[in-house]
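Here are my notes for your next look at this model.

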Amino acid sequence: MFLLGMIAVMQSLFIPGLIIFKWIDVKVSFLQKLTYVIVFSLIAGYYEVLALTVLGLYRQPVVVSIFLFELVAVIWLYRADFNMSAGETLNSYWQRFVNSIRKLVVFMDLRNDLPIGRFAYAVFSFGVIALSLVGLWWAFKVFTSNVGSIFNSWDAVVSWNRWAINWADEIIPMSARNYPQLMPMHWSLTYVFMANTGVQFFAKALTLPFAFLTLLMLFYLGLQKGSAGFFAGIVITYLLLKKFIGGYLVNGYVDGAMAFFAFVPVYTLIKASYLENEKERNTMLWLGFIFAGSAALVKQPGVYIFLIYPFLAFLGVQKYFPPEDPKTLYRTLFFMFAASALIALPWYVFKQIAFLIGLDRPEIFDLAVIAADTHKNIGLFAQMRDALSTFDWYIWLFPLVILGVVFLQPLYRWIVLLVVLPYPLLWAWVASYDARNLSIVLPVLGLIAG
């Protein structure tokens with residue numbers, strides 16, 4: 001049973017993504033590839049569970065057979081990579097890491113012509129790098145120290161895991177309101193592999209690594225671009241995650257996964273903005289749109305990322321690389337958004353039909369009422385002011401990023417204007433009954449402030 005649980009985790013996080021990524025023609029770093037493999041695997045697993053459930057084939061022999069087939073495909077597709085020894089592979093990645101550190105040191109040395117300026121910037125840079133490592137260590141400990149635990153909090157037990165058990169029993173949960181089902185589906189995959197819904201720690205383990213991966217993306221951006229700002233962003237993001245969703249990272253809630261899935265499209269857009277090759281940049285934009293669609297599969301706030309992503313892609317990146325024929329640009333963006341919608345919307349369309357025929361009811365208005373009750377029904381503007389006070393001294397990050405709009409590169413400027421500033425106001429109105437609903441804005445707020 002333990003082996004089957006481990007296989008289920010591999011199937012959820014790695015195997016399908018390795019197959020998909022083999023066909024993507026873009027050069028990326030190891031960490032970027034790992035991130036994309038995980039996201040692709042989770043998307044593929046979502047549709048695998050859905051299809052098998054609809055067909056009445058969601059059973060242990062079927063999922064084990066699919067895993068074995070995909071494992072053979074991975075071995076075949078990556079057969080050339082197996083010719084390289086483990087030592088050569090590790091040495092290759094180590095050299096890349098060392099070169100990144102050297103690039104950062106050279107960058108600091110050229111930062112200022114005055115020795116005192118170079119010294120001050122070096123002290124600041126090494127200080128934020130050291131603090132960023134503290135943040136990474138915290139997220140890593142959150143991940144590793146909770147492996148083996150089970151679901152032990154209200155929503156995780158009575159909602160999210162109940163839905164996972166429904167899926168494992170080949171039942172589409174009809175009382176899930178608008179809540180998307182990516183994570184419960186993957187929890188159910190561990191149950192179906194083991195043919196046992198009582199062993200929860202493999203399912204719980206799938207919720208744990210996302211905060212670490214989110215900070216790791218920022219860390220690698222700092223290494224690649226030689227910018228202390230990314231490392232400062234890690235420190236701020238670490239503090240924000242710890243304050244607002246720290247407890248929810250370990251109790252089986254999906255808010256850590258939501259923060260990760262919301263940040264991956266932004267991360268991809270940042271990577272695309274640095275690419276001069278049009279083909280590679282378009283590939284990254286395609287990936288970003290797909291990942292933006294996948295954010296809507298984790299929790300309802302992901303729909304916000306899905307909807308504003310086309311504007312971020314156009315205003316922050318494509319506007320500065322205009323093609324000879326503008327119609328080509330708009331046509332490409334339309335098809336990218338259509339692909340994103342095909343990933344994001346089927347569950348919500350299905351649920352809307354369920355609402356119309358009376359099988360379930362939406363929760364958006366109920367949540368707004370709960371938020372108003374939380375603030376004692378003091379009126380909308382007073383409620384927003386009261387909700388934003390939840391940020392405590394972190395509220396000063398907002399004047400900081402507003403000031404930064406004047407100095408930031410266009411992409412970061414639009415992230416501020418379309419995500420960092422409006423989303424907390426939307427949260428204050430609809431979902432401020434709990435600070436964990438801020439999860440999608442925390443990494444980008446930390447990034448921009450850094």
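**Notes on the predicted model**

1. Start with Leu426. Setting aside neighbours within four places in sequence, Leu426 is in contact with Tyr304 and Ala431. The residue sits in helix 21. Its relative accessibility is 33%, so Leu426 counts as partly exposed. For a sense of distance, take Ser125, which is 301 residues from Leu426 along the chain. The C-alpha atoms of these two residues are separated by 35 Å. Bear in mind throughout that this is a predicted model.

2. Next, helix 4. This helix covers residues 60-77, 18 residues in total. From first C-alpha to last it reaches 26 Å, close to the 26 Å expected at 1.5 Å a residue. Which residues of helix 4 are buried? They are Val63, Phe67, Glu70, Val74 and Leu77. Viewed down the axis of helix 4, the buried residues fall within an arc of 95°, so they line one face of the helix. An α-helix has 3.6 residues a turn, so residues three or four places apart point the same way.

3. The buried residues of helix 4 pack against helix 1 (2-13), helix 2 (15-21), helix 3 (30-55) and helix 8 (182-194).

4. Helix 13 is mostly covered, with 13 of its 18 residues buried. Look also at the start of this helix. There, a side-chain oxygen of Asn277 comes to within 3.0 Å of the backbone nitrogen of Lys279.

5. Now the core. The largest nonpolar core has 150 residues. Tyr36, Trp187, Phe261 and Ile415 have the most contacts inside it. What does Tyr36 touch, not counting residues up to four places away in sequence? The partners are Phe21, Val264, Tyr267, Thr268, Met284, Leu287 and Phe291. In soluble globular proteins, nonpolar side chains tend to be buried together.

6. Asn146 deserves a check. It lies in the loop between helix 6 (115-144) and helix 7 (154-168). Is Asn146 buried or exposed? Its relative accessible area is 19%, and the cut-off for buried is under 20%, so Asn146 is buried. The side chains of Asn146 and Ser145 are joined by a polar contact of 3.4 Å. Leaving aside neighbours within four places in sequence, Asn146 contacts Lys141, Leu208 and Val250.

7. On to charges. The whole structure holds nine salt bridges. One of them joins the side chains of Asp366 and Arg177, at 2.5 Å from N to O. Asp366 is in helix 17 (residues 364-374) and Arg177 in the loop between helix 7 and helix 8, so the pair ties together parts 189 residues apart in sequence. Asp366 has 29% relative accessibility and so counts as partly exposed.

8. Arg436 has more than one entry. Its side chain meets that of Asp255 in a salt bridge of 3.5 Å, N to O. This pair links distant parts of the chain, 181 residues apart. Asp255 is in helix 12 (residues 255-273), and Arg436 is in the loop between helix 21 (422-430) and helix 22 (442-449). Both Asp255 and Arg436 are buried.

9. Arg436 also forms a salt bridge with Asp434, at 3.0 Å from N to O. Asp434 counts as buried at 16% relative accessibility. Arg436 is buried too, with a relative accessible area of 8%. Salt bridges that share partners join Asp155, Asp255, Lys299, Asp434 and Arg436 into one network.

10. Last, backbone angles. Most residues other than glycine have a negative phi. Ala195 is not a glycine, yet its phi is positive, at about 55°. Ala195 is found in the loop between helix 8 and helix 9 (201-205). At 58% relative accessibility, Ala195 counts as exposed. Lys376 also has a positive phi, near 60°. Lys376 lies in the loop between helix 17 and helix 18 (380-388). With 69% relative accessibility, Lys376 counts as exposed.

Methods. Residues are numbered from 1 along each chain as its sequence is written. This is a predicted model: local features need pLDDT of at least 70, side-chain atom pairs count only at pLDDT 80 or more; totals for chains, interfaces and linings use all residues. Side-chain values use heavy atoms; hydrogens and water are left out. Helices (H or I, at least four residues) and strands (E, at least two) are DSSP runs, numbered from the N terminus. The expected span of a helix is 1.5 Å times one less than its number of residues. Buried means under 20% relative accessible area, exposed over 50%, partly exposed in between (1.4 Å probe, protein chains only). The arc is that of the directions from the helix axis to the C-beta atoms. Contact means heavy atoms within 4.5 Å. A polar contact is a pair of N or O atoms within 3.5 Å; within protein, one must be able to donate a hydrogen and the other to accept it, and residues adjacent in sequence count only if both atoms are side-chain atoms. A nonpolar core is a set of buried Ala, Val, Leu, Ile, Met, Phe, Trp, Tyr and Cys residues joined through side-chain atoms within 4.5 Å. A salt bridge is a side-chain nitrogen of Lys or Arg within 4 Å of a carboxyl oxygen of Asp or Glu.
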